[in-house]
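This report covers the domains, ligand surroundings, salt bridges and local backbone features of one protein model. The sequence and structure come first.

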Amino acid sequence: MPKALITGITGQDGSYLAEALLQKGYDVVGMVRRSSTVNYERIAHIQGSIEFVNGDLLDQVSLIDAIKIHEPDEIYNLAAQSFVQTSFGQPVLTGETTALSVTRMLDAIRIVNPQIRFYQASSSEMFGKVAEVPQTESTPFYPRSPYGVAKVYGHWITVNYRESYNLHASSGILFNHESPRRGLEFVTRKISYGAASIKLGLEEKLSLGNLDAKRDWGFAGDYVEAMWKMLQQEEPDDYVICSGMTHSVREFCDLAFSHLELNYEDHVVVDEQFFRPAEVDLLVGDYGKAKNVLSWEPSTSFKDLVTMMVEADLALLEGRLKGLA
Ligand code: NAP
Ligand code: G4F
């Protein structure tokens with residue numbers, strides 16, 4: 001059985017990737033960092049099938065030990081400080097975690113076993129102030145946040161270790177991908193959870209920032225399959241993974257509230273605190289290379305994604321209310 005080590009297994013993507021790899025017959029090892037309370041909510045249903053190893057991206061020795069002890073064939077580096085807004089307030093921590101830690105992991109692989117295949121979670125946030133539309137693997141980077149800058153570093157150090165040490169190291173340049181397991185601070189989940197709360201009479205208003213920003217949103221469950229496919233190729237490479245469609249935050253609101261027979265204009269209020277010092281106005285990718293080389297295509301439409309998230313939050317909140325009754 002192949003063995004995969006996943007960093008960030010407690011996050012959105014880690015949970016979907018662990019599910020997918022278990023279904024393919026992998027032994028899955030999840031790296032988790034120490035916290036004062038256990039946060040396995042997203043992987044509770046598969047917890048018994050996963051082996052856990054303690055480690056932190058900020059601690060080089062813990063990465064070397066995790067690889068020595070568990071001897072993985074593949075490493076998926078999904079862990080990061082992943083919230084763009086936080087990166088403006090904590091730029092150094094973001095740089096340490098999201099940028100330099102990629103080097104820590106690559107060095108751990110180089111030292112312990114350079115045959116291990118490596119996946120780096122790169123991001124469309126690297127395109128920032130976009131140089132062309134749509135964005136492809138050859139579009140120049142122009143990041144607009146400390147997070148985006150950190151991801152550019154992580155991306156190029158992955159390319160550099162591939163070229164310098166012949167590592168099988170690939171980057172997936174993933175555009176925004178969402179799900180009912182998305183963190184509550186990201187705009188899609190904030191809207192689906194907020195709309196469901198308003199529908200159930202728990203809230204009246206939802207405060208948001210820039211409603212005109214446009215993103216290429218897909219479903220996380222579709223995107224983790226592309227990560228796996230990248231590591232099954234004979235040669236390592238970089239791939240854009242996206243839906244190829246773009247929608248504004250306003251459109252997301254409109255669809256989410258309409259699904260609950262509400263008008264978003266009656267409930268959404270714009271609050272300056274959610275605006276960013278520098279914004280990424282428009283993202284839309286071209287997944288042509290992934291389609292040709294990996295035979296990968298997204299399978300969830302924007303409308304289905306919004307509906308899935310709103311329905312899930314409605315069920316979640318109704319369940320909580322029943323529990324209180
Ligand atoms: P997420 O839900 O925020 O999960 C982040 C994970 O990183 C969590 O498991 C977190 O652990 C872990 N982590 C953070 N700091 C760590 C540290 N110092 N040591 C070890 N683990 C640490 O993120 P996601 O949405 O699943 O995204 C996965 C990856 O893809 C990230 O690298 C993100 O930047 C990148 N990405 C995401 C998207 C997207 O739209 N979702 C698009 C492009 C790229 P705790 O649970 O302990 O906090
Ligand atoms: O949901 P967001 O916070 O995601 P963002 O900044 O695009 O970053 C996500 O996608 C990246 C891929 O491009 C990942 F690399 C990254 O890890 C993360 O997963 O914000 C989306 C848009 C932004 O333009 C933001 O300004 O929504 C706008 N927005 C408007 N009101 C808001 C809000 N964003 C948040 N989080 N909260 C708001 O109230």
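A salt bridge here is a side-chain nitrogen of Lys or Arg within 4 Å of a carboxyl oxygen of Asp or Glu. By that criterion the structure, which is a predicted model, holds 11 salt bridges.

**Salt bridges**

Two of these pairs can be described in detail. In one, Glu19 pairs with Arg181, and the closest N and O atoms are 2.6 Å apart. Glu19 sits in helix H1 (residues 12-23), while Arg181 sits in the loop between strand S7 (177-178) and helix H6 (187-199); the pair links distant parts of the chain, 162 residues apart. In the other, the side chains of Asp238 and Arg162 form a salt bridge with an N to O distance of 3.0 Å. Asp238 belongs to strand S11 (residues 238-241) and Arg162 to helix H5, so this pair ties together parts that are 76 residues apart in sequence. Side chains of opposite charge can pair when their charged atoms come close.

**Domains**

The domain assignment of the protein chain gives two domains, each built from separate segments of the chain: domain 1 covers 3-178 and 219-241, and domain 2 covers 187-215, 245-283 and 300-324. Taken over C-alpha atoms, the centres of domain 1 and domain 2 are 27 Å apart. At the boundary, 17 residues of domain 1 are in contact with 16 residues of domain 2.

The area buried between domain 1 and domain 2 is about 1400 Å², and carbon and sulfur atoms give 59% of it. On the side of domain 1, the residues that lose the most area to domain 2 are Gln85, Glu178 and Phe219, which together account for 36% of what that side buries. No salt bridges are counted between domain 1 and domain 2. Polar contacts between domain 1 and domain 2 amount to three residue pairs, both residues of each being at pLDDT 80 or more. Helix H3 (residues 84-89) supplies the largest share of the side of domain 1 that touches domain 2, with three residues. By class, that side of domain 1 has eight nonpolar, five polar and four charged residues.

**Ligands**

Ligand 1 has 26 residues around it, of which Thr10, Asp13, Asn39, Ser82 and Tyr147 come nearest. Ligand 2 is surrounded by 23 residues, and the closest are Ser123, Ser124, Tyr147, Arg276 and Glu279.

| Residue | Protein atom | Ligand (oxygen atom) | Distance |
|---|---|---|---|
| Gln12 | polar backbone atom | ligand 1 | 3.0 Å |
| Arg33 | side-chain N or O atom | ligand 1 | 2.8 Å |
| His177 | backbone N or O atom | ligand 1 | 2.9 Å |
| Arg182 | polar side-chain atom | ligand 2 | 2.8 Å |
| Arg215 | polar side-chain atom | ligand 2 | 2.8 Å |

**Local backbone features**

Two loops hold backbone features to note. Val133 and Pro134 are joined by a cis peptide bond, with omega about -5°. Pro134 is in the loop between strand S5 (117-123) and helix H5 (146-165). Glu71 has a phi near 45°, a positive value in a residue other than glycine. Glu71 is placed in the loop between helix H2 (60-70) and strand S4 (74-77).

Terms used: Residues are numbered from 1 along each chain as its sequence is written. Chains are lettered from A and ligands numbered from 1 in the order in which they are written. This is a predicted model: local features need pLDDT of at least 70, side-chain atom pairs count only at pLDDT 80 or more; totals for chains, interfaces and linings use all residues. Side-chain values use heavy atoms; hydrogens and water are left out. Domain bounds come from an automatic or database domain assignment. Contact means heavy atoms within 4.5 Å. Buried area is the accessible area (1.4 Å probe) that two parts lose on being put together, summed over both. A polar contact is a pair of N or O atoms within 3.5 Å; within protein, one must be able to donate a hydrogen and the other to accept it, and residues adjacent in sequence count only if both atoms are side-chain atoms. Helices (H or I, at least four residues) and strands (E, at least two) are DSSP runs, numbered from the N terminus. Ala, Val, Leu, Ile, Met, Phe, Trp, Tyr, Cys and Pro count as nonpolar, Asp, Glu, Lys and Arg as charged, and the others, Gly among them, as polar. A residue is near a molecule or strand if one of its heavy atoms lies within 4 Å of it.
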